[in-house]
Amino acid sequence: MLEIKNLHVKLEEEGKEILKGVNLTIGAGEVHAIMGPNGSGKSTTSYVLAGREGYEVTEGSATLDGVDILGMEPEERAAAGLFLAFQYPVEIPGVGNMTFLRTAVNAQRKARGEEELSAADFLKEVRAKAKTLNIDADMLKRPVNVGFSGGEKKRNEILQMAMLEPKMCILDETDSGLDVDAMKLVSEGVNALRSEGRSFLVITHYQRLLDHIKPDVVHILANGRIVKTGGPELALEVENNGYADILAEVE
Amino acid sequence: MALPKIKADATEARLSALTLPSGAEWATKARKEALARVAAMGIPARRDEYWRFTNPADLTAPTAPKAAVFESGEAPTFAGVDALKVVFVDGVFDAEASDDLSMEGVEISRLASATQQDIHWAKDVYGVLENRGQTPVERPLAALNTAFATDGLVIRVTGHAPRPIAITYLHKEETSDANLHHVIKLEEGAEFTLLEAGPAAARFNKVTEVDIADTASFHHVRTQGRDHERRAVTGLFARLGTESKFKSFTLTANGILTRNEVVLELTGDDAIAHVAGACVGDGKDFHHDDTVFITHDAVNCESRQVFKKVLRNGAVGVFQGKILVKAGAQKTDGYQISQGLLLDDDSQFLAKPELEIYADDVACSHGSTVGAIDETALFYLRSRGVPEKAAKNLLTLAFLAEAVQEIEDEGLAEEVLARMSEWLDRHN
Ligand SMILES: Nc1ncnc2c1ncn2[C@@H]1O[C@H](COP(=O)(O)OP(=O)(O)O)[C@@H](O)[C@H]1O
Ligand SMILES: [Mg+2]
């Protein structure tokens, strides 16, 4: 599904190298987790994959189902099935959440040569999906993320994911700012989307989320490199001993 | 005080190209007084305080600069609204294209005929509100209009008008120079909506005086047409009585020069005045100026100004907005926001927000911002699959929407938004 090879990335403005040769292969239907200390390059990885400006790929490649994505526009990556749930979802004053969702769904359909969803069908689907995430009608009407609590923003990200039905989902610290109940809701939302054809890259600082979304593989990212890869037990190791031990062991 | 020679000469040159229309005694008196005001003030020049950002030369030249006629190929805005339709072509009333000037609870006639009548209610308003609006800031082009306006509508509303009046201004002559003047009087408790659409002429000078009695409400929505080369100066003068309401929204797209002045006087307690504008301009020939002056002279009134300008390829937007709170106008709630969205580095937004307050128990605020498209929001939208251009348009429309929200009627607001959206699609 997603294959990242020897990815080197530096900040365009400062020239500072953030990713120093990341290798990662995620098969169809798999759930991988990336854990790592603050500043290790987790968000950078997700942004580079999604196509945010400001980063320069100096070496390496990233492909989705064998197709290079690094040369694509962000919207082309989205239409190809890539989705990033942002660590900090963006507020867009003046654009209604519903309008935003419908524009996005139909833009992707159009890009894929599919017919646009009718207003009625869209409404039905969004209401049903919003309900399972405990998102009320008011949240759907309000401008995108404006005045949403931290938890509401994260649930809204999952709603977008559910509506867009991507095949490669990247979740950047979706657990941050969530209380126990919200974490459960979000995890259930994610788990409901798990399927053979859909893969997940779950970025998290803590093991907590991985109790709910069980990963197949866990990677530790430190200082721009994946320094260790293992099974779910690796997350527990981090939880119990922190990153220091693992990093020391790798050194 | 004698005018500087340059100004006196320019004024003389402008006035010599015009003749006072003849009419009944009261009309002639009002016109002569207005003419005297122009002669005393002189026509505007770049050095005048409120003309520093906008060059009035094209508006004051003895003859109108040429403006190519533009065929948009689309129906005028509000053509689909159930309204009494009135059409002016290059400033000339088109009886064929207009509906009968009759509506329940509304007296409507043409200025050209009202000014011939010896006794007419319009004499208490014509030139009167314009004259009140000359202090403390002079508006010579409005006085010029009062002196020389050839036609317009004279509307008196005594009840709830069953339908809006929709005026369409067509521009068909390359050198047309139109002076229209409307007088609107809302009697106590009356309700009325005025819709206006279209460019009107190569050069258009329009004054609208609106006298709003106690508890009456006036709604106004206008679009100024898409002709690229037209010039326009408009003056909207209103006086608000107790518990009355004034709501005005203007959409401007294209045009070489547009100066929209709004002068409001809140003279009765608990009155509400909202004035909003949105403009979209593309190219260095686009210059758009909103100049607003709101005087609070009563207790517990609310005024709100919301102006948004989207500018690209060297377009220039100007906002000059003032709230004056007179001594005794306690509990005034005054709000003003003006914002420019620059789609490139060549465009400019110039703002002069002013507050002058002589009462101590008031809540007034103003803000002015200028910026570009929010890159973070743009990326967020694109990451969800929305193509770059569509995403930019969505954000631009969202920026403009705050001004459009000032339109109470949802159908009218939707039509305005649709026009904006189409414009953005064309100018992408
Ligand atoms: N746009 C940026 N400008 C400046 N520094 C940045 C930017 N993006 C990332 N960085 C830096 O790159 C490093 C990695 O950041 P990030 O990918 O956000 O880490 P993580 O998500 O693992 O906490 C940090 O040192 C951070 O300060
Ligand atoms: Mg991060």
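Strands are DSSP runs of E with at least two residues, numbered from the N terminus. In this predicted model, B:Thr258 belongs to strand E13 of chain B.

**B:Thr258 and its surroundings**

- B:Thr258 has a relative accessible area of 0%, and it is therefore buried, the limit being under 20%.
- Beyond the neighbours within four places in sequence, the contacts of B:Thr258 are B:Gln224, B:Arg230, B:Ala232, B:Thr252, B:His287, B:His288 and B:Asp289.

**Interface of chain B and chain A**

- On the side of chain B, 15 residues are in contact with 29 residues of chain A.
- The two chains bury about 1900 Å² between them, and carbon and sulfur atoms give 68% of this area.
- Of the area that chain B buries against chain A, 43% comes from B:Phe379, B:Tyr380 and B:Arg384, more than from any other three residues.
- Three salt bridges are found across the interface of chain B and chain A, and ten residue pairs are in polar contact there, both residues being at pLDDT 80 or more.
- Two elements of chain B, helix H7 (375-383) and helix H8 (388-404), each give two or more residues to the side that touches chain A.
- H7(B) gives the most to that side, with seven residues.
- By class, the side of chain B that touches chain A comprises nine nonpolar, three polar and three charged residues.
- B:Arg384 also forms a salt bridge with A:Glu157, with an N to O distance of 2.7 Å.

**Salt bridges**

- Over all chains, the whole structure holds 45 salt bridges.
- B:Arg419 and B:Glu74 form a salt bridge through their side chains, at 3.1 Å from N to O.
- This pair links distant parts of the chain, 345 residues apart: B:Arg419 is in helix H9 (residues 410-426) of chain B, and B:Glu74 is in the loop between helix H3 (57-60) and strand E1 (84-89) of chain B.
- B:Glu74 has a relative accessible area of 31% and is partly exposed.
- A further salt bridge joins the side chains of B:Arg132 and B:Glu265, at 2.7 Å from N to O.
- Because B:Arg132 lies in helix H5 (residues 128-132) and B:Glu265 in strand E13 (residues 257-266) of chain B, the pair ties together parts that are 133 residues apart in sequence.
- B:Arg132 is partly exposed at 39% relative accessibility, whereas B:Glu265 is buried at 15%.
- The side chains of B:Glu187 and B:Arg156 likewise meet in a salt bridge, with 2.7 Å from N to O.
- The two residues are 31 residues apart, with B:Glu187 in the loop between strand E7 (177-186) and strand E8 (191-197) of chain B and B:Arg156 in strand E5 (residues 153-157) of chain B.
- B:Glu187 is partly exposed, its relative accessible area being 22%.
- One network, built from salt bridges that share partners, joins A:Glu73, A:Glu75, B:Arg382, B:Glu388 and B:Lys392.

**Magnesium site**

- A:Ser43 (OG) and A:Gln87 (OE1) coordinate the magnesium ion (ligand 2) at 2.1 to 2.3 Å.
- A:Ser43 is in helix H1 (residues 42-50) of chain A and A:Gln87 in the loop between strand E6 (82-85) and strand E7 (92-96) of chain A, so the pair ties together parts that are 44 residues apart in sequence.
- A:Gln87 is buried, with 13% relative accessible area.

**Backbone features**

- Most residues other than glycine have a negative phi, and most peptide bonds are trans.
- B:Thr135 and B:Pro136 are joined by a cis peptide bond, with omega about 0°, and B:Pro136 is in the loop between H5 and helix H6 (140-148) of chain B.
- A:Glu165 is not a glycine, yet has a positive phi of about 45°.
- A:Glu165 is located in the loop between helix H6 (150-164) and strand E9 (168-172) of chain A and is partly exposed at 48% relative accessibility.
- B:Lys331, also not a glycine, has a positive phi of about 60°.
- The loop between strand E17 (316-325) and strand E18 (333-342) of chain B holds B:Lys331, which is partly exposed with a relative accessible area of 47%.

Terms used:
Residues numbered from 1 in each chain as written. Chains lettered and ligands numbered in written order. Predicted model: local features only at pLDDT ≥ 70, side-chain atom pairs only at ≥ 80, totals over all residues. Heavy atoms only, no water. Salt bridge = Lys/Arg side-chain N within 4 Å of Asp/Glu carboxyl O. Helix = DSSP H or I, 4+ residues; strand = E, 2+ residues; numbered from the N terminus. Buried < 20%, exposed > 50% of the residue type's maximum accessible area, 1.4 Å probe, protein only. Donors = N, O, S within 2.8 Å, 3.2 Å for Na, K, Ca; no water. Contact = heavy atoms within 4.5 Å. Buried area = accessible area lost by both parts, 1.4 Å probe. Polar contact = N/O pair within 3.5 Å; in protein donor to acceptor, adjacent residues only side chain to side chain. Nonpolar A, V, L, I, M, F, W, Y, C, P; charged D, E, K, R; others polar.
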